[in-house]
Amino acid sequence: RPRITTIKDDRTSKMLGSCPSVYRSSRSIMVAVYLMVSMFGAPGRIHMDDVKDYRSKVLNGQTRKVRVVNEDGFEEESYVHLHGAFSMLGCDVTFSEPYHGQSKGRQERTFGTFAEYFAKETGTYVGSNTVARHEDTQLFYRALNGKAKRRDVYQWDDFVRGFGRFVDWWNGSWRGQGKGMDGRTPDEVFASLAGQPRTIDPETLALSLTKPEVRRVRENGVRVGGVDYWAQELFEYSGTDVVVRLPLG
């Protein structure tokens, strides 16, 4: 089943970034983050689901022990923090409580609306549980395995385009009746409340889309992915550790 990563403004329900993927990972999350930051600026705070992918080192950083040369010229071990994407973008991060649906209730209700307005309209909806599962489900699974003559199973590219159109509809046409929405669309409420966006310069944004790793400088430079990289500036760090950043793409 497709995985959909979304980033939503909690006050207005506006979808700021999204990424459909076959498997959710730090990359699909970063695609959604990139779209949000490039169009609307970086948030001061972001609240995420308490699952493994959202706690990844790429997003939240990590502390590593490295070998460095101190001020007296002697080698010693030291701990350094390798910044993740969120700290580089200046975002405070909080997580929902594990196994506590109320701590992410608004997002869960949004996904329920997605199922009602989008997933069930695709023609190949199989339900999220046995209660919602309809009697044609087995036919869909047979079609996916080539055991039936159905030819109307949604293709991936069609799904991605359809979901993109749905997000546009959600932001511009769906009208919320909850607190502070007053029957307005997410776009309308967001436009009435949004202040000056906290923009991120392109270089910092590009750097946030990288994975930090520690490498030991050898006589041939540093090795990344089986390839040696050398620069004259690395000479003074020979035999010690440096941080390299690998583009996620």
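**Aromatic rings and charged pairs in a predicted model**

Residues are numbered from 1 along each chain as its sequence is written, and side-chain values use heavy atoms, with hydrogens and water left out.

I turn now to the rings. The structure holds 15 aromatic pairs. The ring centres of Trp 156 and Phe 159 are 5.5 Å apart and their planes stand at 35 degrees, so this pair is tilted. By definition, rings of Phe, Tyr and Trp (its six-membered ring) pair if their centres lie within 6.5 Å; planes under 30 degrees apart count as stacked, over 60 as edge-to-face, and the rest as tilted.

Both residues belong to helix 6 (residues 156–173); they are three residues apart, and so separated by about one helical turn. Helices (H or I, at least four residues) and strands (E, at least two) are DSSP runs, numbered from the N terminus.

Phe 159 is buried, with a relative accessible area of 10%. Phe 159 also pairs with Phe 163: the centres are 6.4 Å apart and the planes at 20 degrees, so that pair is stacked. A cluster linked by ring pairs includes Trp 156, Phe 159, Phe 163, Phe 166 and Trp 169.

Which residue does Arg 161 meet in a salt bridge? The partner is Asp 158, at 2.8 Å from N to O; a salt bridge is a side-chain nitrogen of Lys or Arg within 4 Å of a carboxyl oxygen of Asp or Glu. Arg 161 and Asp 158 lie three residues apart, about one turn of the helix. In total, the structure holds nine salt bridges.

Another salt bridge joins Arg 216 and Asp 241, at 2.4 Å from N to O. That pair links distant parts of the chain, with Arg 216 in strand 7 (residues 210–216) and Asp 241 in strand 10 (residues 241–247), 25 residues apart. Arg 216 is partly exposed at 27%, whereas Asp 241 is buried at 12%.

Finally, consider Arg 55. Its side chain meets that of Asp 50 in a salt bridge of 2.6 Å, N to O. The charged end of Arg 55 also sits over the ring of Phe 95, 3.7 Å from its centre; the criterion is NZ of Lys or CZ of Arg within 6 Å of the ring centre and within 35 degrees of the ring normal.

Definitions and conventions
Predicted model: local features only at pLDDT ≥ 70, side-chain atom pairs only at ≥ 80, totals over all residues. Buried < 20%, exposed > 50% of the residue type's maximum accessible area, 1.4 Å probe, protein only.
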